[in-house]
Amino acid sequence: MPLASRLPAPPETMAVLEETYSGVLRRDPGEAEFHQAVHEVLECLGPVLAARPGLATAKLVERVIEPERQIMFRVPWEDDNGEIHVNRGFRVEYNGALGPYKGGLRFHPTVNLGIVKFLGFEQIFKNALTGLGIGGGKGGSDFDPHGRSDAEVMRFCQSFMTELQRHVGEHTDVPAGDIGVGAREIGYLFGQYRRVTNRWEAGMLTGKGMLWGGSAVRTEATGYGNVMFTAEMLRRRGEDLDGQQIVVSGSGNVAIYTIEKAQQLGANVITVSDSGGYVVDEKGIDLDLLKQVKEVDRGRVSDYADLRGASARFVAGGRVWDVPADIALPSATQNELDAEAAAVLVRNGVKAVSEGANMPTTPDAVHILQDAGVAFGPGKAANAGGVAVSALEMQQNASRASWPFSQVEEELSAIMTSIHDTCYETAERYGASGDYVVGANIAGFERVADAMLAQGLI
Ligand code: NDP
């Protein structure tokens, strides 16, 4: 994919960025999602390098693209039948200029180094946008928790942490959850860390249970934050969420709490999905039932449709984007909303699309939506609420305090408004009014680049 600047930029600057991107393709072959994430950022940086040639001389872009450290390790574990399995563990400590590496762990069979690098690269800029002093990192494993017993998941997590504990810590690298890593897995991971290190170090992992160092609102934060970001985008256009029809994809942590906040603000959410298909519920999603099916019973969205009755129907293998809506909030996984889906959304009159998941919208789809005047919230800004509350969890752990729900939610709301405004104003400053992709990438990059410059050749 050639590098086309999103903004006017001198050809010599673009040539430098082209060369950098070619280097990424050459040195990291086969990492398609990582290439995509780098490409999206580089397309925005032309005018920044033109305005600040010192950044190019200092090879800041090349340095930001290269992870500080990549760790890969063997994770052997035994299933309930006594059979031995060998998975692969990853942790990419991407950039620590702004604080300890911070980012989730993903357990999913598709996880490989390229996926972890794409997520870690995005995380650098996302964390910078929160303004909270956290660096970027990400990790995970190709382990698939689906269909595994609690005992199997525990044995896997214990084996995973037995190695990972050498590399993480409150002042070094602070993991959290992501796809396939929720409250259960965080519990097993934290327990093993404490057991191996003999330290009560609450700030080494976020997303913990409320009884043992967790923060109020962490479970809700990513979904709530994305809805808050969407509300800010709408506010700039003189609208709000009340009465809007919303399609949400996914049915995990992010999707569930996106639905909760959207419903609190008066919107009508009519879809959820998983890798088997989607449910459309004409009466609006029954959140209590969804939580029971997904969080308690660990079931599928088809089970939700079976239990819900006449208003809900399950469409095997389909995509929620075919259901007409005012707003779409992709909350499942990368590249789930492609150009064809974007064209359908536009045809159906969508006004806003905001990414709860990381990079769910393909580059072509982003262009189609933005060209049609749809407000588009990129994940590194819109889903930063999760990591923001993780940073608040670390603050509480450092002071051995526990803040009430209302206080954390207020702080989350203020952070999401600030991220929105930073992206909006940065885009305006670079002549790209209303382009949150440009705003997020430039504002995130500038913060990290300035910290790196100040710290010398690192
Ligand atoms: P969960 O594991 O709780 O839920 C993931 C959901 O997405 C499930 O419904 C799952 O369905 C679906 N899904 C996952 N992979 C695929 C796939 N390949 N095809 C179709 N559906 C899929 O994860 P989260 O809700 O935590 O994460 C969702 C997204 O949000 C991810 O992109 C994650 O990186 C991002 N994110 C999460 C944050 C957090 O705080 N949790 C923070 C910021 C971003 P199934 O069960 O069938 O696999």
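A: Happy to! One term before we start: domain bounds here come from an automatic or database domain assignment. Also keep in mind that this is a predicted model.

Q: Good to know. Which domains does the assignment give for the protein chain?

A: The chain is assigned domain 1 (11-65), domain 2 (69-200) and domain 3 (221-382).

Q: And how many residues are in contact between domain 2 and domain 3?

A: On the domain 2 side 13 residues take part, and they are in contact with 10 residues of domain 3. The C-alpha centres of domain 2 and domain 3 are 27 Å apart.

Q: Now the ligand, please. Which residues come nearest to it?

A: The ligand has 24 residues around it, and Asp-178, Thr-222, Ser-275, Arg-300 and Asn-358 come nearest.

Q: Which domains does that shell draw on?

A: Domain 2 (69-200) and domain 3 (221-382) each supply at least three residues to the shell around the ligand.

Q: Nice. Which polar atoms sit by the oxygen atoms of the ligand?

A: A polar side-chain atom of His-146 is 2.9 Å from a ligand oxygen atom. For Arg-218, a side-chain N or O atom lies 3.1 Å from an oxygen atom of the ligand. Ser-251 uses its backbone instead, with an N or O atom 3.0 Å from a ligand oxygen atom.

Q: How much of the ligand's accessible area does the protein cover?

A: The protein covers 84% of it, where the ligand on its own has 880 Å² of accessible area.

Q: Which elements give two or more residues to the shell?

A: Those are helix H9 (253-264) and strand S8 (271-274).

Q: Switching topic: where is Asn-383?

A: Asn-383 is in the loop between helix H14 (379-382) and H15.

Q: Buried or exposed?

A: Asn-383 has a relative accessibility of 4%, so it counts as buried, the cut-off being under 20%.

Q: What does Asn-383 touch?

A: Setting aside neighbours within four places in sequence, Asn-383 is in contact with Lys-126, Thr-222, Glu-355, Gly-356, Ala-357 and Asn-358. A polar atom of the Asn-383 side chain lies 3.0 Å from the backbone oxygen of Gly-356.

Q: How far apart are Asn-383 and Asn-358 along the chain and in space?

A: They are 25 residues apart in sequence, and their C-alpha atoms are 7.8 Å apart. Asn-358 is also one of the residues that come nearest to the ligand.

Q: What about Asn-397, buried or exposed?

A: Asn-397 is buried, at 13% relative accessibility. Asn-397 is part of helix H15 (residues 385-398). Apart from residues up to four places away in sequence, Asn-397 touches Ala-202, Gly-203, Lys-208 and Gly-213.

Q: I always check backbone angles. What is phi for Asn-198 and Asn-335?

A: For Asn-198, phi is near 55°, a positive value in a residue other than glycine. Phi of Asn-335 is likewise near 55°.

Q: Where do those two sit?

A: Asn-198 is in the loop between helix H7 (183-197) and helix H8 (221-236). Asn-335 is in the loop between strand S11 (327-329) and helix H12 (339-347).

Q: And why is Asn-198 called exposed but Asn-335 partly exposed?

A: Exposed means over 50% relative accessible area, so Asn-198 qualifies at 68%. Asn-335 has 28%, which is between the 20% and 50% cut-offs, so it counts as partly exposed.

Q: Last one: what surrounds Val-350?

A: Beyond its neighbours within four places in sequence, Val-350 is in contact with Ala-325, Asp-326, Ile-327, Ala-328, Leu-345, Leu-369 and Val-374. Val-350 is buried, at 7% relative accessibility, and belongs to the loop between H12 and strand S12 (352-354). Val-350 and Gln-245 are 105 residues apart in sequence, with 9.5 Å between their C-alpha atoms.

Key:
Residues are numbered from 1 along each chain as its sequence is written. This is a predicted model: local features need pLDDT of at least 70, side-chain atom pairs count only at pLDDT 80 or more; totals for chains, interfaces and linings use all residues. Side-chain values use heavy atoms; hydrogens and water are left out. A residue is near a molecule or strand if one of its heavy atoms lies within 4 Å of it. A polar contact is a pair of N or O atoms within 3.5 Å; within protein, one must be able to donate a hydrogen and the other to accept it, and residues adjacent in sequence count only if both atoms are side-chain atoms. Accessible areas come from the Shrake-Rupley method with a 1.4 Å probe; for residues, only the protein chains shown count as cover. Helices (H or I, at least four residues) and strands (E, at least two) are DSSP runs, numbered from the N terminus. Buried means under 20% relative accessible area, exposed over 50%, partly exposed in between (1.4 Å probe, protein chains only). Contact means heavy atoms within 4.5 Å.
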